[in-house]
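Please keep the sequence and the 3D view at hand while you read.

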Amino acid sequence: MELIFHLCMISLLLLSSSKSTTAADSSSSSSSSSSEIISRFQKYLQINTAQPSPQYQEAADFILSEANSLSLESQTLEFVPGKPLILLKWPGSDPSLPSILLNSHTDVVPAEHDKWAHPPFSAHVDPHGKIYARGSQDMKCVGMQYLEAIRRLKASGFKPTRTVYLSFVPDEEIGGHDGAEKFAESDIFKALNVGIVLDEGLASPSENYRAFYAERCPWWLIIKATGAPGHGSKLYDNSAMENILKSIESVRRFRASQFDLVKAGLKAEGEVVSVNMAFLKAGTPSPTGFVMNLQPSEAEAGFDIRIPPTADQESLEKRIAEEWAPSSRNMTFRLGQFKQKASVLDNSGRPVLTATDSTNPWWALLEEAVKKADGKLGKPEIFPASTDARYFRLQGLPAIGFSPMANTPILLHDHNEFLNKDEYLKGISIYESIIKSYSSYAEHARTATWRDEL
Ligand SMILES: [Zn+2]
């Protein structure tokens, strides 16, 4: 039902589908010097696509002109007016094989300009080669690296066996509902016959690149306590404040037990359930602050919980109902915004994660391709927050989060986000190797076959 509604909203524009010519390829590709590559990256970074009012049209125009220079086929999809999704295609010689999808989002989070050493949309390169810009790590780097890698592959005369698609999607930073979510659910997406999705990862302060095979699912929990109001001097049981404090104490103990596992090195951050209190709402306001001699009849606390797909959801639900918000203490709770199980399990009821063992050939190919390009890959991880990759995994597809940034501090959403130009250039070689390997993989195992074994 939802799908039909979405399809009505789509305006499909075939902007160009010109055949590549050898002349165009060689002039735009082989002559690319490092400075030209960096200058193209800067141009993309200089487009202010910060939420809440991203310049999507400018970004779309830029991507389309790049696609044109690479003779890629392009489409602009608008699942929601004013929020263009650019879909590019590099046709493979065997269209019967499932395709490769390289996804990236075009929007970025806002920046507090006065807290930056260089304006966040200037893409200033300092004497050490650091490129300062909002989006330099998250994730305009990756979007451009895909394109630069294709530019090099085309220049070398490489021809893909599988079709390679690139999607530049809007709105990831505000949940992706009008971007990747609608795209992944659309008939247009189904027709692409995607076999593997690559999406964003995180920078790595060490020499090892990081790759993510799953992500934690957010639950937003609001606990409400009610109780008899009373004079501030009176001691009695079951006041709203007493009960909410008991809950907070119980949540705090659970939080510490999870955090201890991380501190002891037994689990990675993405493998535990995190709980953080987001708000506490209680008290009776007065013109000067709060009424002090009154115990209020209501109190509320909000928590941001992140659950790995490997966690036991049912036991957590039980814990919430029995320990954190028991009705015996006059407490109620609601889980806001996010659907509970839909996000932890895919459409077939399996945990939303991508296999990183022999059942998933794409994982081994990634490892091999990174190595071939002189990169090192760390142990696969669960992403601590959410990305658009979850919408593709919900469709039952394998999706790997990977942003090739080693030796780089994690500055996404932070002030002074930067990426060193040498790391950026290295990342292009890494993608060149991955795209070459993925698009040449001719094994005729249909994706669904191995997916069923997950
Ligand atoms: Zn991102």
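Q: How many Å does helix α8 (residues 240–263) reach from its first C-alpha to its last?
A: This is a predicted model, in which local features need pLDDT of at least 70 and side-chain atom pairs count only at pLDDT 80 or more, while totals for chains, interfaces and linings use all residues. Residues are numbered from 1 along each chain as its sequence is written. Helices (H or I, at least four residues) and strands (E, at least two) are DSSP runs numbered from the N terminus, and the expected span of a helix is 1.5 Å times one less than its number of residues. Helix α8 has 24 residues, and its reach is close to the 34 Å expected at 1.5 Å a residue, the computed value being 34 Å.

Q: Which residues of α8 are buried?
A: A residue is buried if 20 or more other C-beta atoms lie within 10 Å of its own, exposed if 12 or fewer, and partly exposed in between, with C-beta atoms placed from the backbone. By that count, the buried residues of α8 are Ala-240, Asn-243, Ile-244, Ser-247 and Val-251.

Q: Which residue just after α8 takes a positive phi?
A: The place to look is just after the helix, where the phi angle is about 80°. The residue with this value is Gly-265.

Q: Why is helix α6 (residues 177–185) described as largely enclosed by the rest of the structure?
A: The buried residues of α6 include Asp-178, Phe-183 and Ala-184. Helix α6 is largely enclosed because the buried residues number 7 of the 9.

Q: Which residues does the UniProt annotation "binding site" cover?
A: The annotation comes from an unreviewed UniProt entry; UniProt positions are given in the numbering used here, feature names are shortened, and annotations may be inferred rather than shown by experiment. The record lists His-105, Asp-138 and Glu-200. Although spread over 96 residues of sequence, these residues cluster in space, with a largest C-alpha distance of 8.7 Å. In the words of the record, then, the "binding site" covers His-105, Asp-138 and Glu-200.

Q: Is His-105 buried or exposed?
A: His-105 lies in strand β4 (residues 99–105). Because 28 other C-beta atoms lie within 10 Å of its own, His-105 counts as buried.

Q: With which residues is Glu-200 in contact, leaving aside its neighbours within four places in sequence?
A: Two residues are in contact if their C-beta atoms, placed from the backbone, lie within 7 Å. Glu-200 sits in the loop between β8 (194–199) and β9 (208–209), and Glu-200 is buried, with 23 other C-beta atoms within 10 Å. Once the neighbours within four places are left aside, its contacts are Ser-104, Asp-138, Met-139, Val-142, Thr-387, Gly-401 and Ser-403.

Q: In which sense do β10 and strand β20 (residues 381–383) pair?
A: Strands of a sheet pair through backbone hydrogen bonds, either parallel or antiparallel, and two strands count as a pair here if DSSP finds at least two bridges between them. Strand β10 (residues 211–215) pairs with strand β21 (residues 399–402) in the antiparallel sense over 2 bridges, and Ala-211 stands opposite Phe-402 there. With β20, in which Phe-383 is the bridge partner of Glu-215, β10 has 3 bridges, and the sense is parallel.

Q: Which strands does helix α13 (residues 421–440) touch?
A: An open sheet of 3 strands has the order β5-β6-β22, with antiparallel pairing, and its edge strands, β5 (124–125) and β22 (418–420), each pair on one side only. Helix α13 packs on this sheet, touching β5, β6 and β22.

Q: Is His-413 exposed or partly exposed?
A: His-413 is found in the loop between β21 and β22, and its phi is positive, about 70°, although this residue is not a glycine. Because His-413 has 15 C-beta neighbours inside 10 Å, it counts as partly exposed.

Definitions and conventions
Axes fitted to C-alpha atoms, helices over the stretch in contact; angles between N-to-C directions.
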